[in-house]
Amino acid sequence: MASSRQQYNSSECPADESDDGESGDDTVDHDEPVIAGEGIGENAKVAPPQDMGSVPGYPNVKFDASLLPPPPSNVPKASDYKQPEFTKVPVITEETARTALLDYVEDQFCWGKGTAKKLQFTNLQSSTSYHYILETYTETRSTKYENVAFKGQPIDGPQNGIPPGPWDIITNPCDIFSDEIRKMEVPHTASVKPCHRCKATGYLICSSCSGRGRKRCGGCNGRGRKRRRVKRKNGWRTVTRTCGGCHGTGKRRCNRCSGTGRVVCGTCEGTTQLKWFIELTITWKNNLGHHIVEKTDLPDELIKDVAGTLGFQDTQPRVLPIAMFPEPEINQASHRLVNEHSKFPNCRILMQRHVIRMVPVTQCDYQHKETTLNYFVYGLDCKVHAPTYPDQCCWGCTIL
């Protein structure tokens with residue numbers, strides 16, 4: 001007598017079956033009643049309070065940062081300085097040029113040393129590259145309304161005095177010519193207000209279960225039972241058993257709110273009140289201007305980070321353009337950059353510094369198989385630039 005239970009072969013499996021070890025994500029069951037009561041959802045957009053009042057000296061403070069132009073200041077007149085001195089470029093020997101190339105080839109993947117060991121120089125041409133750098137150290141200040149959860153901390157409000165102006169607060173950067181951002185509370189601007197995010201309830205409606213406390217079980221898709229295929233001696237069979245994830249209820253407790261339908265307000269941290277104050281943000285920035293004079297085929301960007309000789313340096317509240325350097329292009333670049341750095345809107349210029357770095361460059365010409373090639377040795381630490389080096393793949397390599 002044939003069995004009354006349905007049998008499946010190994011290639012058949014109903015679409016609504018799932019293996020007992022598999023489960024999907026729990027989902028919101030909109031038929032489930034809301035237990036959290038009325039409230040504001042976690043993901044709801046809430047406007048900030050409108051009754052912030054007026055603070056003396058800060059009539060235009062907003063909830064987004066607003067830049068404040070600095071007041072007029074007396075800039076000291078730039079003093080004269082000793083004109084930069086020209087330093088003679090060091091000349092390297094053939095031995096130094098060859099050693100630098102051998103060290104460079106050794107650091108490259110799969111380059112051969114044969115050419116470097118045997119090459120015969122036809123010419124070593126030394127020159128100097130100049131790197132002019134102008135630094136202008138500026139300060140900007142901005143203000144905005146900020147808040148933190150009120151937990152009983154002291155409140156420095158207008159009752160303690162008139163708030164100082166944003167540019168009257170004295171503070172200095174940790175290191176001159178280093179970027180830095182510092183935030184601080186403006187004295188005498190604090191107050192306590194009800195939390196606008198949760199309407200002073202201390203909680204929000206859970207976004208995971210939409211305030212229901214329970215979710216549809218993803219393991220059984222809310223059915224409470226799971227079907228699975230099992231293999232018997234006489235073939236495949238389908239068995240049904242209670243879902244272990246929800247114990248047959250089809251529902252599971254929401255992990256985010258622990259079944260309450262509510263979560264603590266992250267803005268007031270459940271205290272229902274906020275401390276509001278005006279936050280001052282001070283930004284110190286080192287603005288850089290570069291100009292490189294390099295008259296060989298060596299790429300200019302290689303000069304920036306290589307070791308060189310400091311030929312000139314001057315630091316003042318305002319520097320004067322260089323006028324008598326032996327390389328006219330440096331004089332022109334200095335005039336142009338100093339003029340550009342004289343205008344920084346909404347910034348206070350604290351200090352300027354300009355330097356001239358002199359970097360030795362040697363073009364090394366050599367003969368290889370009736371072809372004239374070259375490479376460059378540059379910087380005091382003898383860096384090498386050799387894009388035309390012939391043995392860039394050692395014998396026996398296969399390039400894929």
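These legends describe close-up views of a predicted model.

**View 1. Helix H4 and the strands it packs against.** Helix H4 covers residues 328-340, 13 residues in all. From first C-alpha to last it reaches 19 Å, close to the 18 Å expected at 1.5 Å a residue. Ile330, Asn331, Ala333, Ser334, Leu337 and Val338 are buried in H4. Seen down the helix axis, these buried residues fall within an arc of 165°, so they line one face of H4. Their packing partners are strand E3 (120-149), strand E12 (273-293) and strand E14 (348-368).

**View 2. The ring pair of Phe63 and Tyr145.** The structure holds eight aromatic pairs. In this one, the ring centres of phenylalanine 63 and tyrosine 145 are 5.5 Å apart. Their planes stand at 45°, so the pair is tilted. The pair links distant parts of the chain, 82 residues apart. Phenylalanine 63 sits in the loop between strand E1 (7-8) and strand E2 (66-68), while tyrosine 145 belongs to strand E3. Phenylalanine 63 is partly exposed, with a relative accessible area of 28%. Tyrosine 145 has 9% relative accessibility and counts as buried. Ring pairs link Phe63, Tyr145 and Trp276 into a cluster.

**View 3. The ring pair of Tyr104 and Trp111.** The two ring centres, of tyrosine 104 and tryptophan 111, lie 5.7 Å apart. The planes are at 80°, so this pair is edge-to-face. Tyrosine 104 is partly exposed at 22% relative accessible area. Tryptophan 111, at 17% relative accessibility, counts as buried; the cut-off for buried is under 20%.

**View 4. Two arginines over aromatic faces.** Arginine 262 lies over the face of tyrosine 203, at 3.7 Å from the ring centre. Arginine 353 lies over the face of phenylalanine 177, with a distance of 4.1 Å to the ring centre.

**View 5. The largest nonpolar core, with Tyr145 and Ile278.** This core has 26 residues. Tyr145 and Ile278 touch the most other members. E3 and E12 each supply at least two residues of the core. E12 gives the most, with six residues. Leaving aside neighbours within four places in sequence, isoleucine 278 is in contact with Val55, Tyr58, Val61, Thr143, Lys144, Tyr145, Met184, Glu185, Val186 and Thr189.

**View 6. A second, separate core.** This core has 17 residues. Among them are Ala116, Cys364, Tyr375 and Val377.

Technical notes
Residues are numbered from 1 along each chain as its sequence is written. This is a predicted model: local features need pLDDT of at least 70, side-chain atom pairs count only at pLDDT 80 or more; totals for chains, interfaces and linings use all residues. Side-chain values use heavy atoms; hydrogens and water are left out. Helices (H or I, at least four residues) and strands (E, at least two) are DSSP runs, numbered from the N terminus. The expected span of a helix is 1.5 Å times one less than its number of residues. Buried means under 20% relative accessible area, exposed over 50%, partly exposed in between (1.4 Å probe, protein chains only). The arc is that of the directions from the helix axis to the C-beta atoms. Contact means heavy atoms within 4.5 Å. Rings of Phe, Tyr and Trp (its six-membered ring) pair if their centres lie within 6.5 Å; planes under 30 degrees apart count as stacked, over 60 as edge-to-face and the rest as tilted. A charge sits over a ring if NZ of Lys or CZ of Arg is within 6 Å of the ring centre and within 35 degrees of the ring normal. A nonpolar core is a set of buried Ala, Val, Leu, Ile, Met, Phe, Trp, Tyr and Cys residues joined through side-chain atoms within 4.5 Å.
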